[in-house]
Each structure stands twice: as structure tokens, then as C-alpha cells.
Amino acid sequence: MTNKLYQLMNWPKIEEIIYSECDNPHELLGPHKAGKQTLVQAYFPGAEQAQIVFEGTGQRVELELADEDGFFAALLPRKESEVPAYHYVVKGKDGSESVRGEAYRFAPQITESDMDKFQSGIHYTIYEKLGAHPMTIDGIRGVYFAVWAPNVMRASVVGDFNGWDGRIHQMRRLGDSGIFEIFLPDAKAGDNYKFELKIKGGMTYLKADPYGNAAQLRPETASVVADLDSFVWEDGEFLKGRAGFQTGNAPVSVYEMYLGSFVAPTQEGEASGGYANYREIASQLIPYIKKMGYTHVELMPVMEHPLDGSWGYQVIGYYAPTARYGSPEDFMYFVNELHKAGIGVILDWVPAHFPRDTYGLSNFDGTCLYEHMDPRQGCHPHWGTLIYNYGRPQVSNYLIANALFWVEKFHADGIRMDAVASMLYLDYGKKDGEWVANMYGGKENLEAIEMIKHLNSVMKKRNPGVLSIAEESTAFPRITGALEEDGLGFDLKWNMGFMNDYLGYIRYDPYFRAHHHGELTFSMVYAYSEKFMLVFSHDEVVHGKASLIGKMPGDREQKFANLRLTYAYMMTHPGKKLLFMGQDLAEFDEWNEARPVEWELAQVPEHQGISELVKDLNHLYRTSPELHALDDAPEGFEWVNHISWEECFLTYLRRGAKKDEILVVAANFSGIEKELTIGVPFHGKYKEIFNSDSEKYGGSGIVNGRVKRSKETEWDDRPYSITVKTAPLSLSILKYIPFTAQELAKEKADRADKASPKKKTASHTGDSADKRVAAEKKSTTEKKSAAEKKSTAENKSAAEKKSAAENKSTAENKSAAEKKRTAEKKSAAGKKGIAEKKSAGKKKAVAG
């Protein structure tokens with residue numbers, strides 16, 4: 001090494017790099033101005049020779065070995081601005097050669113503005129800055145890596161491109177933001193990588209990328225470089241009409257599903273981990289959803305997770321679709337195809353907690369960066385997971401940007417937030433002493449509440465028409481309330497109360513249901529306190545709870561009847577709808593992630609009947625404005641009779657926006673056939689358009705085949721009424737059809753006929769007709785006269801008999817009275833004589 005070159009070297013910094021403790025390697029490595037020349041320094045651990053090769057010309061410049069550990073340097077006789085693009089050819093001690101790009105001559109792609117917004121928690125596209133992003137800088141193709149790890153001494157990116165050696169690509173710290181970054185020409189899409197972090201004290205460990213867009217298939221744990229900008233979307237029309245398709249009172253019927261259970265994997269799928277590909281699933285899912293009439297699918301978490309048995313609810317890779325079903329581009333294809341078919345896609349999202357896996361977010365930079373340090377605040381005792389520190393701006397930014405990421409990058413139509421109750425309450429699932437109160441001494445998690453409001457506010461501004469749905473199981477107020485009114489700003493809330501109360505009620509044998517009638521009707525007490533989605537979700541068909549049909553009481557026939565009644569009641573109750581996969585086939589087995597849906601049940605008549613029933617109910621729900629047009633307004637629902645608890649039936653109306661849009665619903669929850677008289681608001685016809693007991697659905701066929709004409713008989717405080725037959729455990733829906741003008745005219749004429757005497761008119765003319773009329777009049781007069789005489793005689797005779805009877809009765813009463821008086825006189829005289837004799841005897845005795 002020449003003396004001049006030696007003098008230009010910064011040996012303390014070189015030592016920092018060799019010991020891999022440098023947080024600003026760009027200050028030393030790569031090309032740097034040295035007067036009118038350029039000093040190039042490079043570090044290739046273990047190499048014994050290196051050359052600079054200029055692009056285009058192929059000219060080579062030998063680098064001098066400045067340190068035997070592999071630190072090289074060369075002085076180029078030209079200004080730094082005149083140095084063309086170049087790469088290195090590196091020769092190892094074993095004689096092997098490799099080509100390395102120059103990673104240390106590129107400016108940061110993260111600006112001061114980016115850092116300021118991230119530190120404030122308002123960088124809503126931070127996912128475009130942090131993570132791994134293929135890009136071209138100054139004409140050089142490579143991958144830009146960035147990670148937030150403020151408390152580490154050194155951060156490096158390691159992967160397939162550098163032999164997983166953390167000394168080679170040490171990253172640059174950007175100011176006091178805690179962000180490290182580097183651009184690697186050697187990396188490309190598809191490369192596996194992690195971040196190697198070194199903390200004070202020398203401990204070094206690997207972490208998966210929190211913002212990584214792809215990951216290895218479990219059990220491997222590395223992140224994978226992915227290009228999310230190469231896919232060509234074709235769903236513009238669907239996105240344009242999305243708001244009208246799913247917001248407000250639009251009908252929403254959701255098929256909740258676990259991707260791994262819908263399609264049994266092919267041999268290729270089994271070879272890649274036991275699951276079918278996103279593309280294969282889409283090809284089979286779309287025709288099924290279209291046939292069954294669902295509007296949306298809701299996917300249990302597709303974010304990368306280590307454990308199959310968690311069903312995706314313990315997430316490691318929040319920004320990566322799970323590799324179980326393919327690549328990010330495959331998932332984009334899945335969503336794109338569903339949108340082209342007119343089907344919405346809702347994603348389950350888990351911001352409440354994350355697992356402790358050491359390669360994930362836990363203790364990320366040697367400190368509790370994403371979680372709380374105090375276990376009373378940072379741990380879920382029931383789930384064994386960690387709780388996010390929502391009060392740290394960068395952490396809340398991580399979560400808010402993640403929800404936006406799935407909507408803006410993968411075109412999700414809704415985000416269903418899991419376990420919201422555990423976020424809202426500091427004492428959720430904890431005993432006294434296991435939690436810390438908020439600043440006001442309360443149990444509400446104020447920081448989580450603020451994060452939720454922030455997310456819903458930003459989502460509505462950036463992506464109007466996208467649904468924000470809360471799975472919240474408590475009575476926390478205003479979950480779907482407007483943000484301006486101090487609500488949380490969700491569009492919908494899962495109605496867990498309806499699900500629990502109804503399933504508790506329907507489990508009883510019909511004989512005992514009368515005593516639990518309130519569980520059936522209570523949901524309408526609070527139905528309009530929030531905007532609800534009625535759900536029979538995966539949570540109710542696992543862990544020994546039994547499938548839905550398994551919960552139904554009675555023999556096999558009664559179980560199916562109860563299930564048909566259950567689905568029909570849900571579809572006619574106010575609220576959006578959700579049903580978990582397999583339940584529309586009435587699977588008796590509980591769901592588990594290790595098996596596909598039992599599609600063979602569709603060949604069994606009773607199960608096929610359930611499938612037909614769900615299909616018809618979905619169609620009826622989507623095409624009947626009465627069932628959705630006023631779904632969140634009290635005017636859309638009206639009880640007719642909900643107080644006959646001892647008879648176990650309900651009758652109610654569903655109304656649309658127009659006056660004549662009325663459905664009458666009769667639900668018989670008893671075990672016997674009933675004939676119900678139902679009060680209706682309008683005079684007209686009522687046609688049965690659905691009956692769960694139809695033979696088509698596997699029922700007994702007790703239906704109302706003929707149109708019902710209302711009678712002017714007051715019932716249920718309504719001026720008119722109809723009478724319908726209801727089978728045991730069945731529900732009937734009748735549609736109001738107003739009379740036509742001709743029917744109204746006939747109805748009016750019939751009423752007039754009944755109100756006045758009928759007049760007979762001759763149908764012939766002439767004398768014979770006149771004689772016949774005269775004869776009829778004479779006969780009528782004679783009969784009337786005879787009847788009057790007979791009636792007079794009978795009345796006279798009856799009066800005489802009555803008079804005689806009264807005279808006789810009077811005489812008898814008189815005679816009896818006289819006899820009574822005579823007897824009383826005799827009795828009095830006798831008593832007087834006896835008394836006189838006694839008195840005389842006493843006087844005589846005294847005298848003697």
C-alpha cells in the first residue's frame with residue numbers, strides 16, 4: 001500500500017466496520033472525494049483479492065488489501081462525479097470468484113419528511129419506505145432495505161445474496177429516526193433475507209422483516225423479497241361501484257372461510273406444504289359463491305403466521321400474504337378474480353396481540369420496542385401473546401399503515417378487526433393486580449381507543465366505501481358511532497349477543513322454550529344501538545362447541561328443521577349476515593384446519609336441502625328491499641306478536657322504503673303444527689314466498705300454497721288479519737300484494753251486495769212472467785199472514801198459560817200464609833196455657 005493511500009485511510013472507522021459495529025458505513029465505504037481523485041474502499045470478509053470492473057468498458061482496477069480481514073482500497077485518478085457505474089470481482093481464499101455490486105454509493109431513499117411523519121405516527125404509506133423494495137436507482141437495479149430498530153448498535157441485512165454474513169452489508173442509521181437503510185444491487189425479488197441486529201454488549205441475532213411483503217413457507221422463517229408493483233389489476237369497475245355495493249343498507253351476506261379448508265390440495269399443493277394455491281382456490285370458490293348467492297367472502301387471517309393451529313390469528317408477517325397458498329402475486333390474482341366476478345373480499349386483521357416467536361416482533365431491537373415492558377400492560381395471560389404499545393407513535397403507525405396496505409395494495413374491500421374488546425379494556429382476561437389503570441384510574445385503554453379512531457378516520461378519507469368491522473363482545477358504547485360524535489367509527493359490529501342468546505335458546509327442547517322466550521326476542525331491544533352484522537362464525541363450531549346442526553335438539557329430522565328455522569330467522573332479522581363455511585351444508589363434524597369441507601354431503605338429501613335453503617334465502621335477502629332497505633332504521637321492523645311466549649311463536653313485519661313493501665314473517669319455534677292468525681296493516685293479498693318446511697328443503701311440506709286474502713277482522717291491534725299454517729319448527733314469509741283496480745272494484749261491489757237487500761229482476765217479459773211474479777207475491781203474503789196468525793195464537797196461548805200459572809201460584813202462596821198464621825196462633829196459645837199453670841202451681845205452694 002502506498003503511503004498516500006495509507007494516509008487517506010480512517011483506521012478507527014475501518015476497525016468499527018471490521019468488528020461490525022458501524023452504524024454509518026456509507027461514511028467510509030464506496031467512492032469518496034479525495035482531492036481531485038476518488039478513494040474507493042470495500043470490505044469483503046475473508047477475501048484475498050478484489051478488482052473494480054467498470055460497466056460498459058470492462059476496465060479493471062486492482063484494489064489493495066489494506067487489512068488482512070478483507071478490507072480493500074484503491075485511489076482512482078478521477079473526480080467522484082466522473083466515476084462510472086462499476087461492480088467488484090472478489091476472489092476468496094479458496095480460489096472461488098464472485099461478483100458484488102457497490103452498495104455504498106447511493107443516497108437514502110427515505111427523506112426527512114418521511115422520518116418526521118413516521119416519528120409522529122402519521123406516515124400512512126410507510127410500508128413503501130420500510131421493508132424490502134425492488135427498484136432502480138441511478139440506472140442500477142437492486143433492492144432497497146430499511147428497518148426501524150432505534151436501540152441497536154448495528155443493523156445489517158443478510159440473505160441469499162451475501163452468504164448470510166452480517167459483516168458484509170452493514171446499514172446506515174438515518175439521523176435520530178431509528179431507521180437503518182441500504183440499497184443492494186446484488187439482491188433481487190425472490191431472495192430470502194433477514195435483518196441481523198447487534199445490541200450493546202455484543203449480542204447478535206436475526207429478525208424477520210416486520211414490513212416484509214413475503215415470507216418462506218413454515219417452518220422456515222426468513223422474509224422474501226417481493227415485487228408488488230408488477231401485477232396488472234383488472235377490477236376497476238368493481239372498485240368504482242364498491243361503495244354502493246356494500247355500504248349503507250346494501251345487502252351484505254358473507255361466507256366466512258379458512259382458505260386451507262375450501263379445496264383439497266392437488267399433488268403439487270401437497271408437495272408445497274399441503275395447501276392449494278390462491279389461484280386454484282379462486283377458480284373453485286367463485287362459482288360456489290355465485291351459485292349460493294353470497295355477496296362477500298371473509299378470509300380468516302392470510303397474513304403470515306408460524307402455527308397452522310392458530311388459523312392465522314397469531315401473526316408474524318403483517319405485511320406478507322402467507323406462503324401456504326402461494327406468492328403475493330397469486331393472492332392479488334385471487335382478489336382480482338373475485339372482484340371481476342362481483343364478489344367482495346373482507347380480511348380478518350389482528351392488531352390486538354402478537355406471538356412471542358423470537359424471530360418476530362418480540363424484543364425486536366433488544367428492548368420492548370413493539371410491546372410494553374411491564375408485563376401487566378404487555379402480556380395476554382390467556383393467549384400467551386404480547387400486547388402492542390399503542391401509545392408509541394411508530395407502533396400505531398405500523399398498525400394503521402398495515403390496514404391501509406391491505407386495502408390499497410391488495411384491494412381488500414373490508415377489514416374485520418379481531419378481538420377489539422381485548423384492546424378496549426386494560427383488564428381484559430386479567431385478575432386484580434395483573435393490569436395497570438389508565439391515567440384517570442379507569443380500565444379503558446385510552447391509547448388503543450385513539451389508535452382505532454385514528455385508523456377509521458384515515459380509512460374513510462383515503463378509501464371511502466371500504467368496510468371497517470369490529471368483532472367486539474361487550475357493551476362498549478358507540479362502536480359504530482360517528483367519529484364526530486365520539487364514536488369509534490366502525491361501519492359494522494359483529495352481534496355476538498344475538499349469536500349467544502339465540503344459540504342458547506335454540507338448544508332447548510321445544511317443550512322448554514317457553515321459559516326462555518326473552519333470549520329469542522332480546523336482540524331487538526338493542527338492535528338499533530349499533531349497526532350490526534349477525535354472525536354464526538367459526539368461533540361457534542370449534543373446541544367442543546359442536547357444529548350448528550350439532551347444537552340443535554331432537555332427532556335427526558328435528559335437528560334439520562331447527563337448523564332451517566335458524567337460518568331463516570337470521571335472514572329475516574335486521575342486520576348484515578355472516579355464515580361460516582361448511583355450515584351451509586349442515587356438517588355434523590366440528591371444523592378443524594386439517595380437513596377440507598365435507599363436500600360429499602351435498603349428495604345427501606337432507607344436507608342438500610339445507611344448501612338449497614341457504615341459497616334461496618341469500619337470493620331472497622338480496623332481491624327483497626323489505627329485508628335490507630331500512631335495515632338500520634327502526635321503521636324497517638315491526639313486531640306483530642312477540643308476547644305469546646307460552647306458544648313459542650313470533651310474528652313480525654319487515655318493511656321497505658315504499659309503503660307497499662311489506663313482508664309478513666311467522667316463525668313457529670314449538671314442536672307442534674299451528675294455525676296462526678296474524679294482524680296485518682293493509683287490506684290485500686299475502687302470498688307465501690318462502691317456507692322452511694318446503695319439501696324442497698327436506699321439510700314435511702306443510703306450506704301455504706294459496707294466496708291469502710286479508711279479512712276485515714281486527715287482530716293484533718291491526719285492522720285486518722290473515723290465517724296461515726305453520727309446521728313445527730318452521731318459518732314462513734308472506735309478501736303483501738295490493739289489490740288491483742279490478743279487484744278493488746269487485747271488493748267494493750261485494751261489500752255493497754252484502755250491505756243492501758238483494759233485488760230480483762225478471763229475466764223474461766210477457767203475461768206469464770207477470771202472473772208468476774203476482775203468484776209469488778200472493779204466496780209470500782199468504783205465508784206471511786199465516787205465520788203472523790200462528791205467532792199471535794202461540795203468543796196468546798203462552799200468555800194465558802203464564803197468567804193461569806201466576807194466579808195458581810198466588811193462591812197457593814196465600815193459602816200457605818194463612819196456614820202458617822193459624823199454626824203460630826195455636827203455638828202461642830199453648831205456650832200461654834202452660835205458663836199460667838206453672839204460675840198457679842207456684843202460688844199454691846207459697847200459700848201452703
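This briefing describes the chain as a whole, then its cysteines, a hairpin and a sheet.

The model is predicted, so that local features need pLDDT of at least 70 and side-chain atom pairs count only at pLDDT 80 or more, while totals for chains, interfaces and linings use all residues. Residues are numbered from 1 along each chain as its sequence is written, and side-chain values use heavy atoms, with hydrogens and water left out.

**Whole chain**

- The secondary structure of the protein chain comes to 20 helices and 36 strands, where helices (H or I, at least four residues) and strands (E, at least two) are DSSP runs numbered from the N terminus.
- Of the 848 residues in the protein chain, 52% are buried, a term that means under 20% relative accessible area, with exposed meaning over 50% and partly exposed lying in between (1.4 Å probe, protein chains only).
- The protein chain has an accessible surface of about 38,600 Å², and carbon and sulfur atoms hold 51% of that surface; accessible areas come from the Shrake-Rupley method with a 1.4 Å probe, and for residues only the protein chains shown count as cover.
- Where contacts (heavy atoms within 4.5 Å) link residues of the protein chain at least 6 apart in sequence, 71% of them join residues at least 24 apart.

**Cysteines**

- Zero disulfides are found in a search of the whole structure, a disulfide being a pair of cysteine sulfur atoms within 2.5 Å.
- The closest cysteine sulfur to that of Cys-368 belongs to Cys-379 and lies 8.4 Å away, which is too far for a bond.
- Cys-379 counts as buried because its relative accessibility is 19%.

**Hairpin of β14 and β15**

- Strand β14 (residues 192–198) pairs with β15 in the antiparallel sense over four bridges, pairing being assigned if DSSP finds at least two bridges between two strands.
- Five residues lie between the strands of this hairpin, in which Gly-201 takes a positive phi near 105°.
- Phe-195 stands opposite Lys-207 in β15, and Lys-207 belongs, with Tyr-205, to the covered face of β15 (residues 204–207), whereas Thr-204 and Leu-206 form the uncovered face.
- In a regular strand the side chains alternate between the two faces of the sheet.

**Six-stranded sheet**

- Six strands with antiparallel pairing form an open sheet in the order β29-β30-β31-β36-β33-β34, and its edge strands, β29 (637–641) and β34 (708–709), each pair on one side only.
- Strand β33 (residues 685–691) runs antiparallel to β34 and is joined to it by two bridges, and Tyr-686 has Lys-708 in β34 as its bridge partner.
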